[in-house]
Amino acid sequence: MRLVLLGAPGGGKGTQAAQLKDELNVPHISTGDLLRGAVQAGTPLGLKAKAVMEAGDLVSDDLVLGILEDRLAEDDASNGFILDGFPRNLVQCEMLDGLLTRIEQPIDVAVNIVVPEEVIVERIASRAQQEGRADDNEETVRNRLKVYREQTAPVVDYYGERDLVHTVDGLGTIDEVFDRIMGALKG
Ligand code: B4P
């Protein structure tokens with residue numbers, strides 16, 4: 001299965017993908033994780049991405065597409081994948097369509113996890129305490145949510161127009177949300 005997970009930052013995409021990958025037996029490909037890995041390794045891409053991510057802005061489309069293309073070329077992605085954090089704007093939607101058409105792996109389904117902003121701010125504050133991620137401070141979270149509203153929310157309509165989107169309530173326990181997603185995928 002080729003699945004795109006949509007939803008605001010902190011809405012539970014990464015959390016759900018970690019369980020979905022075992023259930024669906026496909027890799028979880030998070031552009032946020034790939035970028036954080038590049039930052040940590042100090043690669044040229046990581047050096048470019050670091051300040052942008054710390055401000056909560058989007059890294060340039062070409063850079064992100066490049067790391068995604070490399071990741072999708074790995075063997076484990078040949079039978080499907082869960083995309084988390086990509087596409088993040090309409091340009092990335094078009095880029096992804098082009099790439100997936102080229103490698104003959106079109107998206108099967110998109111799941112949009114919906115969580116109110118005040119809950120997101122609480123969740124990210126709690127992750128900040130546990131993990132200390134550089135972009136989890138309150139000011140950056142507000143900007144990430146603004147970027148989401150302005151640039152990423154239209155991605156839901158992009159897949160909606162193709163009739164590929166299931167909308168899932170992201171409130172409740174992690175297992176409850178997981179069960180809702182599996183119910184939507186099976187239904
Ligand atoms: P991401 O890594 O994608 O960060 P995120 O949107 O915050 O989602 P994440 O998956 O980490 O969190 P989750 O919702 O699971 O992006 C970081 C940055 O990278 C971006 O700001 C941007 O700069 C850059 N970037 C990434 N992709 C890009 C792209 N395509 N183009 C350009 N730039 C890009 O979880 C959040 C918290 O909620 C966790 O602590 C979790 O434990 C908790 N939680 C989850 N589900 C819960 C539940 N049901 N109940 C209670 N808590 C829950």
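Which helices each supply at least two residues of the shell around the ligand?

Guide: Helix 1, helix 2 and helix 6 each do so; helices (H or I, at least four residues) and strands (E, at least two) are DSSP runs, numbered from the N terminus. The model is a predicted one, in which local features need pLDDT of at least 70 and side-chain atom pairs count only at pLDDT 80 or more, while totals for chains, interfaces and linings use all residues. Residues are numbered from 1 along each chain as its sequence is written, and side-chain values use heavy atoms, with hydrogens and water left out.

Helix 2 provides the largest share of the shell, 4 residues. There are 28 residues around the ligand, and Gly-12, Thr-31, Asp-57, Arg-127 and Arg-144 come nearest; a residue belongs here if one of its heavy atoms lies within 4 Å of the ligand. By class the shell holds 8 nonpolar, 11 polar and 9 charged residues. In this sorting Ala, Val, Leu, Ile, Met, Phe, Trp, Tyr, Cys and Pro are nonpolar, Asp, Glu, Lys and Arg are charged, and the others, Gly among them, are polar.

Some polar contacts (pairs of N or O atoms within 3.5 Å) can be named. A polar side-chain atom of Thr-31 lies 2.8 Å from a nitrogen atom of the ligand. For Arg-36, a polar side-chain atom is 2.8 Å from an oxygen atom of the ligand, and Arg-127 likewise places a polar side-chain atom 2.8 Å from a ligand oxygen. Taken alone, the ligand exposes 1,000 Å², and the protein buries 89% of that; these areas come from the Shrake-Rupley method with a 1.4 Å probe.

The ligand sits in the largest pocket, which requires more than half of its atoms to lie within 2 Å of the pocket's grid points. A pocket is an open set of points on a 1 Å grid over the protein atoms alone, where a 1.4 Å probe fits, with protein on both sides within 12 Å along at least five of seven lines; lining residues have an atom within 4 Å of a point. The volume of the largest pocket is about 1,000 Å³, counted as the space filled by probe spheres set on the points, which are joined across faces, edges and corners. Its lining has 49 residues, with Gly-10, Lys-13, Arg-127, Arg-133 and Arg-144 nearest the centre. Among the elements that give two or more residues to this lining are strand 1 (2-7), helix 1 (13-24), helix 2 (31-41) and helix 7 (138-160). Helix 6 gives the most, with 6 residues. The lining divides into 17 nonpolar, 20 polar and 12 charged residues.

The second largest pocket has a volume of about 170 Å³. Arg-36 and Arg-133 are among the residues that line this pocket, as are Lys-50 and Glu-54. Helix 2 and helix 3 (44-55) each supply at least two of its lining residues, and helix 3 gives the most, with 3. By class, this second lining has 3 nonpolar, no polar and 5 charged residues.

Notes
A polar contact is a pair of N or O atoms within 3.5 Å; within protein, one must be able to donate a hydrogen and the other to accept it, and residues adjacent in sequence count only if both atoms are side-chain atoms.
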